[in-house]
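Reader: Could you take me carefully through one part of this molecule, namely its aromatic ring pairs, and explain the terms as you go?

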Amino acid sequence: MNKRKLYPWYFAGAAAFLFFLLCFVPGILGIAYSFTDWNNFSKEINFVGLANYKAVFQGNSEYLKYIGNTILFTVVTTIMKTLFGLALALLLTQNFIRFKNFHRMIIFSPQVMSYLVAGLVFRSMLHPTTGFLNNFLRSLGLNGLAKNWLTDLSMVFPTVMTVDTWKGMGYIMVVVIAGLLSVSPEYYEAASMDGASFFQKFWSITLPLLKPVLVNITVLNVTYGLRVFDMIYSLTNGGPGNATGVINTAVYKEFSKGNLAMGTTLSSVLFFVVLALLYFIIKSMEHKEVEV
């Protein structure tokens with residue numbers, strides 16, 4: 001009997017050991033190295049206390065801009081993906097829409113493409129002189145709408161966030177559709193008998209019952225947004241200047257320069273920011289039983 005009780009723990013123990021060895025230990029070591037002057041130019045590693053964190057958070061630090069860009073990117077793309085994904089999910093679950101599965105497939109298909117490939121494709125399309133978008137606008141006589149999408153300081157960050165929203169909203173749509181299909185139609189039938197409008201049904205039935213789904217996709221979007229790297233690196237490499245730089249592009253640059261301690265410091269800051277925001281999101285959107 002004891003062997004049968006212990007049998008499942010053999011599998012859990014192996015997975016837990018691998019997680020501890022490959023994830024937990026490197027994470028703790030990374031945080032520890034953030035308190036040192038670790039670099040590629042010296043074999044000595046000296047303890048420097050909070051000096052690296054002070055360098056990150058001092059008033060004129062460029063790292064504060066990276067942190068601000070990361071938070072702005074996360075907030076905007078999370079809201080945009082959720083709104084567009086929810087709207088598309090509501091539209092493509094209506095009975096009057098024909099070929100719904102085909103439309104769902106088309107909208108979801110960008111998710112299959114890697115972020116690096118999507119970024120390189122849009123980098124070519126948005127080129128100011130040879131790009132498809134500007135040439136298309138010029139062919140229509142709309143020269144005034146042709147912009148330097150990836151080099152104009154006022155346009156580049158909104159452009160990057162728009163491309164990322166296009167890439168990710170299909171996944172959100174599919175998750176929300178799954179949530180919508182799990183809602184019993186009896187609720188809507190009862191509401192229709194009471195004369196409820198579409199928006200009343202959405203506000204009083206759909207939205208409350210979708211709350212667990214919305215919490216999950218918000219957590220996923222926030223986690224992705226705070227860790228974004230591929231899309232920004234392939235589109236702008238953090239430029240022009242540092243206009244689109246985020247924490248992970250800063251980490252990449254610091255490691256490339258051999259400043260390993262600062263790279264681990266920025267990674268640690270990102271880790272704590274992710275923990276704090278996810279805790280706040282989960283607590284503020286904690287699921288409660290819905291009465292319909």
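Author: A residue is called buried when its relative accessible area is under 20%, exposed when over 50% and partly exposed in between, with a 1.4 Å probe and protein chains only. The model is a predicted one, in which local features need pLDDT of at least 70 and side-chain atom pairs count only at pLDDT 80 or more, while totals for chains, interfaces and linings use all residues. Residues are numbered from 1 along each chain as its sequence is written, and side-chain values use heavy atoms, with hydrogens and water left out.

Phe-73 and Phe-157 are both buried. Rings of Phe, Tyr and Trp (its six-membered ring) pair if their centres lie within 6.5 Å, and planes under 30 degrees apart count as stacked, over 60 as edge-to-face and the rest as tilted. By this rule there are 13 aromatic pairs. Because the planes of Phe-73 and Phe-157 stand at 35°, with the ring centres 6.4 Å apart, this pair is tilted. The pair links distant parts of the chain, since Phe-73 belongs to helix 3 (residues 62-91) and Phe-157 to helix 7 (residues 156-181), 84 residues apart; helices here are DSSP runs (H or I, at least four residues), numbered from the N terminus.

Phe-271 and Phe-272 form an edge-to-face pair, 5.3 Å from centre to centre and with 65° between the planes. Phe-271 is partly exposed, its relative accessible area being 41%, and Phe-272 is likewise partly exposed, with a relative accessible area of 41%. Elsewhere, ring pairs join Phe-229, Tyr-233 and Tyr-252 into a cluster.

Notes. Helix = DSSP H or I, 4+ residues; strand = E, 2+ residues; numbered from the N terminus.
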